[in-house]
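Biologist: Can you take me through the aromatic rings in this one? Keep it quick.
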Amino acid sequence: MPRFSVVVPVHQVQGYLHACLDSVLGQSYRDLEVIAVDDRSPDGCGAILDAYAARDERVRVVHLPRNVGLGPARNAGMEQATGDYLFFLDGDDTLTPGALRAVADRLDETGAPDVLIFDYARTHWWGGTRRNVLAHLLAQASGGVFTAAERPEILDLLMVVWNKVYRRDFVAREGFVFPPGYYEDTPWTFPVLLSAGRIAALDRICVYYRQRRRGSILSTTSRRHFDVHEQYARVFRFVDARPALAHWRPFLHAKMGEHCLDILSKPDRLPPSDKGEFFRRTAEMFRAYRPEGTPVPPELRVLEGSYAGYVLRRQTGRAGRELGRRARRAGTATAARYTRARSAFRRPLDPDLAVYSAFSHRGVLGDPAAVHRAARELAPHIRGVWVLADEERAAGLPPDTEYVLLDSPGYRRVTERATYFVNNVNWSGALVKRPGSVHVHTHRGTPLKYQGADLLDRPGARLGFDVPQMLRRADRWDYSLVANRHSELVWERAFPCHFASLRSGSPRNDVLVAAPADRVRAVRERLGVPDGDTVVLYAPTRRDYRRDGLVERLDLARFAAELGEGRTLVVRLHPSLAAGPARGLGLSELHRRGVLVDATDEPEVQDVLLAADVLVTDYSSVMFDYALLDRPIVVYADDWDAYRASRGAYLDITAEAPGHVARSPWELAWLFDSGTWRDEEAARLRSAFRKRFCEFDDGRAAERVVRTLMLGEPMPERPAGPARVPAQAAGRDLLTPS
């Protein structure tokens with residue numbers, strides 16, 4: 001029998017579930033079981049839970065036949081529990097390292113109490129972490145065991161289920177269960193604490209309580225917040241059935257009033273039209289359950305009056321603050337944006353107008369370009385207009401490509417009327433999203449490094465990024481294109497906004513699935529690759545632990561020389577380094593001397609990938625694209641620990657690599673000199689990587705986006721598994737020792 005049964009109810013938390021389960025299963029204290037309850041979650045939570053259960057025998061999964069809500073889901077997990085103590089953890093929260101060891105030691109120290117209360121910290125989506133402001137109560141109560149009557153101040157702590165552990169036989173003896181509905185913690189925690197004969201406290205943060213930007217049940221605007229009234233009625237029925245607890249009625253009466261007024265004051269809880277009814281029901285309960293002779297605290301006297309009086313009191317208190325806020329926000333720019341928005345909303349949307357942009361308006365590139373090409377073929381009635389930064393960007397465009405310059409009158413005209421917006425970078429904050437418009441965000445590849453809200457705990461990596469503003473702009477997304485389930489999970493967590501994930505594949509990678517041979521030859525000729533040479537592509541990414549992002553990790557001249565005759569080294573820098581000092585530190589000179597080929601200025605990275613027979617990269621996302629070609633990949637990871645510590649990564653690319661990993665220039669040279677770079681183990685690693693990260697790419701991604709989002713047709717069927725494109729050097733091992 002395990003010491004702890006960790007019950008995890010799960011519903012629509014797939015972006016956070018890995019972190020939750022890893023925080024439990026990675027604890028140094030291992031005497032535990034996890035009872036994970038899939039509350040008929042419509043996303044990928046059930047599959048995630050089954051995968052954990054398959055690889056860790058401590059995990060058991062309960063799949064409920066229908067969605068029952070948080071309380072009944074916990075009950076279902078509790079029925080399966082066998083541990084000495086019950087620990088309820090929500091699927092989007094996490095345990096702190098060493099938490100279970102600390103809890104177990106405190107239970108031993110206090111002689112197996114009925115309940116142990118510990119501390120928590122709120123982790124906000126914008127990066128802030130804030131400890132419980134009443135943590136001092138736990139410190140004051142850390143001497144030994146006590147009852148609620150002996151330390152009533154302990155009931156001022158947040159009345160939730162997950163900041164405590166409960167002796168299972170105590171819970172079973174008392175028959176405690178969770179009710180359905182919102183605020184299900186209330187009729188659990190009060191009865192439990194009032195009934196417990198021995199309570200102990202632990203002055204340690206054991207849970208990170210995630211404050212999500214969107215998706216939290218309690219921040220959902222709904223009439224279901226009326227459930228709080230019945231939950232407190234259950235508390236009072238419990239107390240009424242136990243005469244020994246009658247002296248708690250005044251305390252619980254005040255708590256009920258405070259709690260309900262707090263809900264009413266929150267702007268995102270109740271529909272505005274229902275607030276008056278909520279106030280009246282609260283006032284009725286407040287009168288009905290008021291103990292005789294008990295004075296009403298001053299802050300709750302508003303419940304003895306009318307809803308109009310409550311509103312007036314709230315408005316009076318806000319008036320000064322609101323005037324100050326409006327004064328600060330007033331300005332010419334704001335007024336101009338308001339005028340443009342009001343003007344735009346008077347004009348109807350053009351159902352046959354699409355606006356495209358890529359890489360901050362640098363040109364007709366990437367996923368948006370692939371969607372544009374498909375739309376011209378499949379939906380020629382839709383007029384496509386590109387947004388470009390300046391005339392220099394427009395110089396090389398085909399003559400039939402329509403464009404407007406950013407912030408020009410033409411730009412404002414098309415963005416005010418367009419129905420479709422396709423971009424791989426967020427649109428500017430001045431762009432107003434109109435009802436009925438469809439914003440498609442394509443992203444710029446499969447994410448390895450932290451993105452969006454996940455940058456908030458990486459101060460070095462987010463230098464120059466206004467993450468809250470980034471998320472406000474992402475609020476305009478309607479669809480997020482994904483090439484694999486990994487990306488779907490990451491984008492839903494990194495951008496907690498209102499959008500739907502479209503499992504379309506990456507439109508820009510359609511060319512990698514089925515590239516015409518003449519295009520491949522043209523690219524190699526343009527790069528100056530001699531006929532028959534094997535192309536080794538080196539594509540490093542930027543480093544966030546350096547201000548300019550540049551770290552010279554490899555002596556390119558030496559590497560090119562070690563490759564020897566019959567091999568061409570092609571280098572493509574990260575776009576953010578292209579205009580910096582990187583090329584002036586030797587790359588341009590080596591290109592001029594013919595030692596290597598600098599392909600940084602090639603407009604489409606997919607062309608460079610097609611030309612390559614093997615990819616050498618550190619942590620660039622191009623590895624996920626290149627895997628589609630089923631050609632060898634070598635990961636050069638000599639600074640992986642520093643990179644991961646500074647930027648953060650969603651997976652350990654050295655442990656889940658698409659090929660062999662080199663941690664030094666000598667290892668890299670050996671891989672190529674020995675031929676190991678393309679051995680059976682390399683093929684096995686590549687196959688697993690490809691299966692995971694190329695699952696939705698089948699060569700029809702752009703078509704899928706156009707047909708589904710622009711033409712309203714059903715999602716085109718996808719063949720089983722990605723296709724394969726042979727390398728140019730197929731059948732010849734040109735990099736093996738001569």
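Biologist: Which residues do ring pairs link into a cluster?
Modeller: The cluster holds F88, Y166, F170, F176, F178, W188 and F238. Rings of Phe, Tyr and Trp (its six-membered ring) pair if their centres lie within 6.5 Å; planes under 30 degrees apart count as stacked, over 60 as edge-to-face and the rest as tilted.
Biologist: What should I know about the model and numbering?
Modeller: This is a predicted model, where local features need pLDDT of at least 70 and side-chain atom pairs count only at pLDDT 80 or more, while totals for chains, interfaces and linings use all residues. Residues are numbered from 1 along each chain as its sequence is written, and side-chain values use heavy atoms, with hydrogens and water left out.
Biologist: How many aromatic pairs in the whole structure?
Modeller: The search finds 36. F176 and F238 make a tilted one, 6.2 Å centre to centre with 45° between the planes.
Biologist: Where do F176 and F238 sit in the chain?
Modeller: F176 is in the loop between α6 (168–174) and α7 (186–195), and F238 is in helix α8 (residues 227–240), 62 residues apart. Helices are DSSP runs (H or I, at least four residues), numbered from the N terminus.
Biologist: Is F176 buried or exposed?
Modeller: Buried, at 8% relative accessible area. Buried means under 20%, exposed over 50%, partly exposed in between (1.4 Å probe, protein chains only). F238 is buried too, at 13%.
Biologist: Why is the F236 and Y289 pair stacked?
Modeller: Because the ring centres are 4.5 Å apart and the planes are at 15°. F236 is in helix α8, Y289 in the loop between α10 (275–288) and α11 (307–329).

Terms used: Helix = DSSP H or I, 4+ residues; strand = E, 2+ residues; numbered from the N terminus.
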